[in-house]
Amino acid sequence: MSKYILLLFIASLFYSRLYAEKILFEKVLITGIENPVSFTLSLDGLTLIILDRPSKGFPVVKQASRLKKETAWSAAIPIPALNKHIDKTTNIDGLFISYDGSKLYFAANFPGSHGGMDIYYCTLK
């Protein structure tokens, strides 16, 4: 299982980097983001998950989507199922979307974890 998760993580990083240049080149403007620090793009290119670290408050994981690759992105909205567990001491990193687009995997140091950064996932709608 852990080899599969690591493989998904590596594939997601590779895919995200492939499209990062295209996204930046297109000057994609997504409203609702103050200070994006990392992101991951789904394989179909229709879902973008952004880790936003506002200057005030807690880190927030947000989701933007679009109907087709040629259309504009929606405003980035928080993912409530994940963000309700985040506080000012939470560190989140390594966002990646599962191959089928149904889950968001990430590393975090939530209270009560097994020590340091553990791997978690949440279901995406």
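Which residues of the largest nonpolar core touch the most other members? In this predicted model, that core consists of 15 residues, and those touching the most other members are Ile 49, Val 61, Leu 82, Ile 92, Leu 104 and Phe 106. Two or more residues of the core are contributed by each of three elements, namely strand S2 (47-52), strand S5 (92-97) and strand S6 (103-108). Apart from this core lies another one, made up of seven residues, among which are Leu 48, Ile 50, Ala 64 and Ala 76.

The surroundings of Leu 104 can be described residue by residue. When residues up to four places away in sequence are not counted, Leu 104 touches Thr 40, Ile 49, Val 61, Ile 79, Leu 82, Leu 95, Phe 96, Ile 97, Tyr 120, Tyr 121, Cys 122 and Leu 124. Included in this list are Ile 49, Val 61 and Leu 82, which also belong to the group of core residues that touch the most other members.

A search for charged pairs across the whole structure finds one salt bridge. In general, side chains of opposite charge can pair when their charged atoms come close. Here the side chains of Lys 62 and Asp 52 meet, with a distance of 3.1 Å from N to O. Because Lys 62 lies in strand S3 (residues 60-65) and Asp 52 in strand S2, the pair ties together parts that are 10 residues apart in sequence. Both partners fall under the 20% limit for buried residues: Lys 62 counts as buried at 12% relative accessibility, and Asp 52 likewise counts as buried at 1%.

Three strands form an open sheet in the order S5-S6-S7, with antiparallel pairing. The edges of this sheet are S5 and strand S7 (118-123), each of which pairs on one side only, and the twist from one strand to the next averages 25°. Strands of a sheet pair through backbone hydrogen bonds, either parallel or antiparallel. Between S5 and S6, which run antiparallel, there are four bridges, and Asp 93 has Ala 107, in S6, as its bridge partner.

The loop between S5 and S6 contains Ser 98. This residue counts as buried, because its relative accessibility is 7% and the limit is 20%. The side chain of Ser 98 is joined to that of Asp 100 by a polar contact of 2.7 Å. With neighbours within four places in sequence left aside, Ser 98 is in contact with Lys 103 and Tyr 105.

Key. Residues numbered from 1 in each chain as written. Predicted model: local features only at pLDDT ≥ 70, side-chain atom pairs only at ≥ 80, totals over all residues. Heavy atoms only, no water. Core = buried A, V, L, I, M, F, W, Y, C linked by side-chain atoms within 4.5 Å. Buried < 20%, exposed > 50% of the residue type's maximum accessible area, 1.4 Å probe, protein only. Contact = heavy atoms within 4.5 Å. Salt bridge = Lys/Arg side-chain N within 4 Å of Asp/Glu carboxyl O. Pairing = 2+ DSSP bridges. Axes fitted to C-alpha atoms, helices over the stretch in contact; angles between N-to-C directions. Polar contact = N/O pair within 3.5 Å; in protein donor to acceptor, adjacent residues only side chain to side chain.
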